[in-house]
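I opened my notebook for a friendly walk through this one. Here is what I looked up, in the order I got to it.

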Amino acid sequence: MKLIVGLGNPGKEYEKTRHNVGFDIIDEFAEKNGFNPFKEKFQGLLTEKTVNGEKVILLKPQTYMNLSGNSIVQVVKFYKIDPMEDLIVVYDDMDLPLGKLRVKMNGSAGGHNGIKSIISHLGQDFMRVKCGIGKAKNKDENINFVLGRFTKEESEVINPMFSSVISLLDDVLKNTQIDKIMQKYNKK
């Protein structure tokens, strides 16, 4: 069983913002793979389906970013999921250049409050798919930057990254070894 989580904030005002990259990718992945509509469960929106003979749960926590772990830990406990083996979290990362993708298996939160929340509930050993959204021009603009929407030009850079993440998730579900996934997607 795999639990794939996209991080973001609920509500119309946050739709398609940089901080909601995780939600948007999970939505595209669900549509591509014919998942049923999401239903409210475990303080999140959840759908599940068998893919390649394995149960796959998609989750979009509705707790707001800073409390994402509250929703995820409920799903992990209910389904008895091993985070180290079967949890994949997709989220935005300001420390990566726009459109850059990075896969990690553990580590610190790197300043990301959603990841801090998950680590506080589950520890730091789980697969992270970090999606580069670029950086604000100065630190004072960080909040407005992450809660802003991509420009048309930025979308042209982001769309191929979305496709890459969806391919990466497909590879995970084909039981491709993590070191091969990291070699393939963590290109310089």
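**Entry 1: a valine in a strand**

Does valine 103 count as buried or exposed? I kept in mind that this is a predicted model. Buried means under 20% relative accessible area, and valine 103 has 1% relative accessibility, so I put it down as buried.

I then looked up where valine 103 sits, and found it in strand β6, residues 101–104. Leaving out residues up to four places away in sequence, I listed what valine 103 touches: Met127, Arg128, Leu168, Ile178, Ile181, Met182, Tyr185 and Asn186. I also checked valine 103 against lysine 12, which is 91 residues away along the chain; their C-alpha atoms are separated by 29 Å.

**Entry 2: α6 and α7**

Next I turned to helix α6 (residues 152–173) and helix α7 (residues 178–185). I noted a packing angle of about 165°, with the axes 10 Å apart. That angle makes α6 roughly antiparallel to α7. I logged the way α6 passes α7 as a right-handed crossing.

Which residues make the contact? From α6 I wrote down Ser164, Ser167, Leu168, Asp171 and Val172, and from α7 Ile181, Lys184 and Tyr185. Sorted by class, the contact of α6 with α7 has four nonpolar, two polar and two charged residues.

**Entry 3: α2 and α4**

On the α2 side, the contact is made by Ser68, Gly69, Asn70, Ile72, Val73 and Val76; on the α4 side I found Gly114, Ser117, Ile118, His121 and Leu122. My tally for the contact of α2 with α4 is five nonpolar, six polar and no charged residues.

**Entry 4: α1**

Last, I checked the length of helix α1, residues 21–32. At 1.5 Å a residue its 12 residues should span 16 Å, and the end C-alpha atoms are 16 Å apart, which agrees.

Which residues of α1 are buried? I found Val21, Gly22, Phe23, Asp24, Ile25, Ile26, Phe29 and Ala30. Among what covers the buried residues of α1 I noted β1 (2–6), β4 (54–61), β5 (87–93), β7 (127–132) and α6. Just after α1, I saw that glycine 34 takes a positive phi of about 70°.

Key:
Residues numbered from 1 in each chain as written. Predicted model: local features only at pLDDT ≥ 70, side-chain atom pairs only at ≥ 80, totals over all residues. Heavy atoms only, no water. Axes fitted to C-alpha atoms, helices over the stretch in contact; angles between N-to-C directions. Helix = DSSP H or I, 4+ residues; strand = E, 2+ residues; numbered from the N terminus. Parallel < 35°, antiparallel > 145°, perpendicular 65-115°, else oblique. Left-handed = near helix turned anticlockwise from the far one by under 90°. Contact = heavy atoms within 4.5 Å. Nonpolar A, V, L, I, M, F, W, Y, C, P; charged D, E, K, R; others polar. Expected span 1.5 Å × (residues − 1). Buried < 20%, exposed > 50% of the residue type's maximum accessible area, 1.4 Å probe, protein only.
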